[in-house]
Amino acid sequence: WSECHRRGWNISCRQYVGQQSRTRRCVNRQHNGAPCTGSIIEVRSCYNSENCYYKGTWSNWSHWGLCLPPCGEDSFRSRNRTCEPVYPDYPKVRGIQKEVAIFFWGYPIYECEELEGEHQILQEKLPCQNVPLCD
């Protein structure tokens, strides 16, 4: 997706709706040489959250991962909690005749309260049991 912008306005970190787009190319025509179906360009509404300062919140624990390495004595599995931004409570849709979703675009700056000495990612590791020996 392109940058979220609104011509002539500074919408960064503000409750102003912008637009962004993405395009695709039709390469190597398929289906007996017929052109690709569907739109070549897609446009959507957005809020620009690039470098905005937001509060963070901790996610729930992820699922346990697979044992790594998959063989040998030092095999562990892990799960994570990650710090995620809390986006402002801006309207998520707009429109009169048809409601259109509004997306947040960009990489905001956020930090969670300390949790077990961490601010961004908390990882829990456990040794795997009954792991086969490596060949």
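Visitor: How many aromatic pairs does a search of the whole structure find?

Guide: Six aromatic pairs turn up in this predicted model.

Visitor: Why is the pair of Tyr 47 and Phe 104 called tilted?

Guide: The ring centres of Tyr 47 and Phe 104 are 5.2 Å apart. The cut-off for a pair is 6.5 Å. The planes of the two rings meet at 40°. Under 30 degrees would be stacked and over 60 edge-to-face, so the rest are tilted. The pair of Tyr 47 and Phe 104 is therefore tilted.

Visitor: What makes this pair a tie between parts of the chain?

Guide: Tyr 47 lies in strand E2 and Phe 104 in strand E6, residues 100-105. These parts are 57 residues apart in sequence, so the pair ties them together.

Visitor: Is Tyr 47 buried or exposed?

Guide: Buried, because its relative accessibility is 2% and the cut-off is under 20%.

Visitor: What makes the pair of Tyr 54 and Tyr 87 edge-to-face?

Guide: The angle between the planes of Tyr 54 and Tyr 87 is 65°. Over 60 degrees counts as edge-to-face. The centres of these two rings are 5.6 Å apart, and the limit for a pair is 6.5 Å.

Visitor: Where do Tyr 54 and Tyr 87 lie?

Guide: Tyr 54 is in strand E3, and Tyr 87 is in the loop between E4 and strand E5 (93-94). The pair thus ties together parts 33 residues apart in sequence.

Visitor: Why is Tyr 87 called partly exposed?

Guide: Tyr 87 has a relative accessible area of 32%. Tyr 54, with 13%, is buried.

Visitor: Which residues do ring pairs link into a cluster?

Guide: Tyr 47, Tyr 54, Tyr 87, Tyr 90 and Phe 104.

Visitor: On to the cysteines. How do you know that Cys 13 and Cys 52 form a disulfide?

Guide: Their sulfur atoms are 2.0 Å apart, and the cut-off is 2.5 Å. The structure holds five disulfides. With -105° about the S-S bond, the link of Cys 13 and Cys 52 is left-handed.

Visitor: Which parts does the pair of Cys 13 and Cys 52 tie together?

Guide: Cys 13 lies in the segment before strand E1 (18-23). Cys 52 lies in the loop between strand E2 (41-48) and strand E3 (53-58). The two parts are 39 residues apart in sequence. Cys 13 is partly exposed at 38%, whereas Cys 52 is buried at 1%.

Visitor: Why is the disulfide of Cys 83 and Cys 112 called right-handed?

Guide: The torsion about its S-S bond is about 95°, so the disulfide of Cys 83 and Cys 112 is right-handed. The sulfur atoms of this pair are 2.2 Å apart, and the limit is 2.5 Å.

Visitor: What makes the contact of Glu 111 and His 119 polar?

Guide: The side chains of Glu 111 and His 119 make this contact at 3.4 Å. The cut-off for N or O atoms is 3.5 Å. Glu 111 is in strand E7. Glu 111 also touches other residues, including Tyr 54 and Cys 83.

Visitor: What makes E7 and E8 edge strands?

Guide: The open sheet of four strands runs in the order E7-E3-E4-E8, with mixed pairing. E7 and E8 each pair on one side only. The twist averages 30° from one strand to the next.

Visitor: In which sense do E4 and E8 pair?

Guide: Antiparallel, over seven bridges. Arg 81 stands opposite Leu 122 in E8.

How values were computed: Residues numbered from 1 in each chain as written. Predicted model: local features only at pLDDT ≥ 70, side-chain atom pairs only at ≥ 80, totals over all residues. Heavy atoms only, no water. Buried < 20%, exposed > 50% of the residue type's maximum accessible area, 1.4 Å probe, protein only. Contact = heavy atoms within 4.5 Å. Polar contact = N/O pair within 3.5 Å; in protein donor to acceptor, adjacent residues only side chain to side chain. Pairing = 2+ DSSP bridges. Axes fitted to C-alpha atoms, helices over the stretch in contact; angles between N-to-C directions. Lists of a residue's contacts leave out its neighbours within four places in sequence.
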